[in-house]
Amino acid sequence: MSAPAANLLSIVVPAYNEEAVLAMFHRRLAAVLDALDMAGEIVYVNDGSDDGTLAMLYALQQSDGRVAVLDLSRNYGKEIALSAGLDHARGAAVVVIDADLQDPPELIPALVARWREGYDVVYARRLEREGESFMKKTTASIFYRLARRMSQVEIPADTGDFRLLSRRAVEALGRLREQHRFMKGLFAWIGYPQIAVPYRRAARAGGRTKWNYWRLWNLAIEGITSFSLAPLRLATYFGLSVAGLAFLFAAWIIIKTLWLGEAVRGYPTIMVTLLFLGGTQLVAIGILGEYVGRIFNESKRRPLYFVQGYRPAPAVRGGPDEDLA
């Protein structure tokens, strides 16, 4: 990749079926970039959309020379789409933001101001989450706090992907090519000076969210298993605890039988105990399987993504010499 432009701010926007909101999002983002004292580049990443998103992105590029369009070969998921956008961003600083307008582009100048103070990562922390159900807010809060306690790195609470990264931070992330990518954890793992900028998250401006509870559950598992061995340790400690209780219970039965002469009974107790132990063993095997599956996928060393097409921003000179993966 060519050297980054010193006065260029890149905006990475993953897009999957965002046709309903793209035009509104781009108008607001363009207005913010027009007011900044930096040149702008907007890297839209089409993550295998099956609606009119790609055609709209090309139309935006025709009307705004700051737009670059990166079209991935299929839908890889948001985490890899973000990585692809970061690989192709050319600015001295890079902002990551979603296109659904829940994260306001108008906050970008505040992120830039903190970056100029010397911070490598400036993340936007949510004070409120409008347009989300009580259940989603509660489960999100539990996940962030659980992840912070279990993870080997401190993942900021109430923080999504909306943030600014310095060129040094972007290059550090580019060296992390693991298949199972939990970007919030990777942003924290690289270290460097980081600071929060609070904001109020709005409701989605249009279209439908792609994150149902099943996908959020899988993302939570991804986040915990990618940055913590705690589930394996918990399974071990739980197994030791159950074994200790079983030993004490067996000793009690022996003593009661020998001293009190009570006949050995308890068929229901035996069945419940066997089923309980069998269930805990299956849970432990499942936890172990999650980690073994990740080892299996990482051992293949497949590229993160393939690019179907890349059109750099006409108004921004320089850029990648080749498509990264």
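This is a predicted model: local features need pLDDT of at least 70, side-chain atom pairs count only at pLDDT 80 or more; totals for chains, interfaces and linings use all residues.

## Nonpolar cores

The largest nonpolar core holds 35 residues, and the members that touch the most others within this core are Leu9, Ile11, Tyr44, Ile108, Phe162 and Leu164. Helix 1, which spans residues 22–35, supplies the largest share of this core, namely five residues.

Leucine 9 illustrates how contacts reach across the sequence: once residues up to four places away are left aside, leucine 9 touches Leu33, Leu36, Met38, Ala39, Gly40, Glu41, Ala93, Val94, Val95, Ile108, Val112 and Leu164. Of these partners, Ile108 and Leu164 are also listed with Leu9 among the core members that touch the most others.

## A nonpolar patch on the surface

Leu245, Phe247 and Leu248 together make a nonpolar surface patch of about 380 Å². Phenylalanine 247 belongs to helix 9, which runs over residues 230–260, and it counts as exposed because its relative accessibility is 61%, where the cut-off for exposed is over 50%.

Across the whole structure, a search finds 11 salt bridges. In one of them, the side chains of arginine 90 and glutamate 41 meet with an N to O distance of 2.7 Å. Arginine 90 sits in the loop between helix 3 (78–88) and strand 4 (91–96), whereas glutamate 41 sits in strand 2 (residues 39–46), so the pair ties together parts that lie 49 residues apart in sequence. Both arginine 90 and glutamate 41 are buried, and glutamate 41 is also one of the residues that leucine 9 touches.

## A network around lysine 78

Which residues are linked with Lys78 in a network of salt bridges? The network consists of Lys78, Asp98, Asp161 and Lys184. The side chain of lysine 78 meets that of aspartate 98 at 2.9 Å, N to O, and this pair links distant parts of the chain, with lysine 78 in helix 3 and aspartate 98 in the loop between strand 4 and helix 4 (108–116), 20 residues apart. Aspartate 98 counts as buried because its relative accessibility is 12%, the cut-off for buried being under 20%.

Lysine 78 also forms a salt bridge with aspartate 161, in which the closest N and O atoms are 3.0 Å apart. Here the partners are 83 residues apart, with lysine 78 in helix 3 and aspartate 161 in strand 6 (residues 159–166). Aspartate 161, at 5% relative accessibility, likewise counts as buried.

How values were computed: Residues are numbered from 1 along each chain as its sequence is written. Side-chain values use heavy atoms; hydrogens and water are left out. A nonpolar core is a set of buried Ala, Val, Leu, Ile, Met, Phe, Trp, Tyr and Cys residues joined through side-chain atoms within 4.5 Å. Buried means under 20% relative accessible area, exposed over 50%, partly exposed in between (1.4 Å probe, protein chains only). Helices (H or I, at least four residues) and strands (E, at least two) are DSSP runs, numbered from the N terminus. Contact means heavy atoms within 4.5 Å. Patches are made of residues with over 30% relative accessible area and no salt bridge: like charges are joined within 9 Å, nonpolar side chains (Val, Leu, Ile, Met, Phe, Trp, Tyr) within 5 Å. Accessible areas come from the Shrake-Rupley method with a 1.4 Å probe; for residues, only the protein chains shown count as cover. A salt bridge is a side-chain nitrogen of Lys or Arg within 4 Å of a carboxyl oxygen of Asp or Glu.
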